[in-house]
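Student: Could you take me through the way side-chain contacts are read in a model?

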Amino acid sequence: MLNIALFGPPGAGKGTQAKMLAEKYNLTYISTGDILRNEIANNTELGLKAKSIIEQGGLVSDEIIVQIIENSIKMQPDTNGILFDGFPRTYTQAYILDGLLIKMNTKLSCLISLEVPREALINRMMLRAEKEKRADDKKEIIENRLREYDNKTIPVIDFYKQQDKFHDIDGIGEINEVFGRVTDKIEEILSQTLLNVVFLGPPGAGKGTQAKRIAEKFNMKYISTGEMIRKEIENQTELGKIAKPYLETGDFVPDDIAIRLLEREICNTCSGTGYLFKGFPSTLVQAYILGGLLKKQDSSISLVVEIKTSTLQSIKRLTKRAKTYKARIYDMNPETIIYRLENYEEKSHRIIDFYQQQNKIVSFDGHQNEDTLFEQISDTVEKAFKEIRK
């Protein structure tokens, strides 16, 4: 999802820009002022509460504002994200917004602030006052509104600067000129969004072959826990010594070993377009672990590729591999092969259910020609890239 908070002082033109952005990127437009007025006009329960507070000269509480925002988002589910105009206005509301988006299993992509010199803002609003006969746009009132904006929003801006999500845009110029600057920045941000893909499938399904080809084609960082563990064993490291007995019997290595290996590979600055995970997760617990590891990097799993093959086909392929230089320790013993297949069958359905509930899994027939399968998976990955960069 593309979630944007649009900032700008009174007179910066953010209302105009916000509506154009919402249309271009198919975003749910959330203006706290607009939705609050709608709730009051429609005499909803929340609207009546807000009206009572306003009539008594009070400020509508954050609790009411958040409920109104949640209701508005639920009413428009078929969008690519949310554009917040006028929220968050305070440091407290910045934390509230983070919590609200976490609840929705998403996050804020960026805060864009339209920067316009003070004198230009005053001149714009004075001209607007003259055209629209607005009594509230006197110079003293305008200057007071601008001071209030600065005092409230500077802490919010600092909040998002610390998260590297703050982007200031020159707000001087024609509407379309400013819009071009804003969309250029959004496109740049979207291009940095990581696509993280998991490859699932029983031993012998061919997921290693396909995963490597996909990683190379799309410039993704290929991460195979199996390869990392085998390297640890070969180098006789402490982790390798612990992992070796598990590998020999076809069992899954302990999660703490996998975590330590993955933490080495998943870093703040991915060198590619995303991560491709082969061989992990192997259990539902590991699916949770992987989600947590990526969350630390402000990322998540985008797509899960499941390659399906029959048990007989897997046995044939693994037996054949045992006679080549690609043979693994666990390929040499038919009993170990069968044990690994049974182990996968027992554990995999929970992982698949987990990702199916998130609408992230796409299944493929692993019996077909290698190149045909590769083209099918490539098309799906290509679509996933387009989806996350809308």
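Tutor: What follows goes through ring pairs, charges over rings and salt bridges in turn. This is a predicted model, in which local features need pLDDT of at least 70 and side-chain atom pairs count only at pLDDT 80 or more, while totals for chains, interfaces and linings use all residues. Residues are numbered from 1 along each chain as its sequence is written, and side-chain values use heavy atoms, with hydrogens and water left out.

Student: How is a pair of aromatic rings described?

Tutor: A pair of aromatic rings is described by the distance of the centres and the angle of the planes. Rings of Phe, Tyr and Trp (its six-membered ring) pair if their centres lie within 6.5 Å, and planes under 30 degrees apart count as stacked, over 60 as edge-to-face and the rest as tilted. The structure holds nine aromatic pairs. One of them joins Y91 and F159, which is edge-to-face with 5.7 Å centre to centre and 90° between the planes.

Student: Which helices hold Y91 and F159?

Tutor: Helices here are DSSP runs of H or I with at least four residues, numbered from the N terminus. Y91 lies in helix α5 (residues 91-103) and F159 in helix α7 (residues 139-161), so the pair ties together parts that are 68 residues apart in sequence. As for accessibility, buried means under 20% relative accessible area, exposed over 50%, and partly exposed in between (1.4 Å probe, protein chains only). Y91 counts as partly exposed at 39% relative accessibility, whereas F159, at 6%, counts as buried. A tilted case is the pair of Y275 and F277, with 6.0 Å centre to centre and 35° between the planes; Y275 and F277 are both buried. Ring pairs also link Y91, Y95, F159 and Y160 into a cluster.

Student: Which charged end sits over the ring of F374?

Tutor: A charge sits over a ring if NZ of Lys or CZ of Arg is within 6 Å of the ring centre and within 35 degrees of the ring normal. The charged end of R213 is placed in this way over the ring of F374, 4.0 Å from its centre. K24, in turn, lies over the face of Y25, at 5.5 Å from the ring centre.

Student: How many salt bridges does a search of the whole structure find?

Tutor: Side chains of opposite charge can pair when their charged atoms come close. A salt bridge is a side-chain nitrogen of Lys or Arg within 4 Å of a carboxyl oxygen of Asp or Glu, and the search of the whole structure finds 13 salt bridges. Among them is the bridge between R37 and D34, at 2.7 Å from N to O. R37 and D34 both belong to helix α2 (residues 32-41), where they stand three residues apart, about one turn of the helix. R37 is exposed, with a relative accessible area of 54%, while D34 counts as partly exposed at 28%.

Student: Where in the chain do E70 and K103 lie?

Tutor: The side chains of E70 and K103 meet in a salt bridge of 2.9 Å, N to O. This pair links distant parts of the chain, with E70 in helix α4 (residues 62-74) and K103 in helix α5, 33 residues apart. E70 counts as buried at 18% relative accessibility, whereas K103 is exposed, with a relative accessible area of 63%.

Definitions and conventions:
Helix = DSSP H or I, 4+ residues; strand = E, 2+ residues; numbered from the N terminus.
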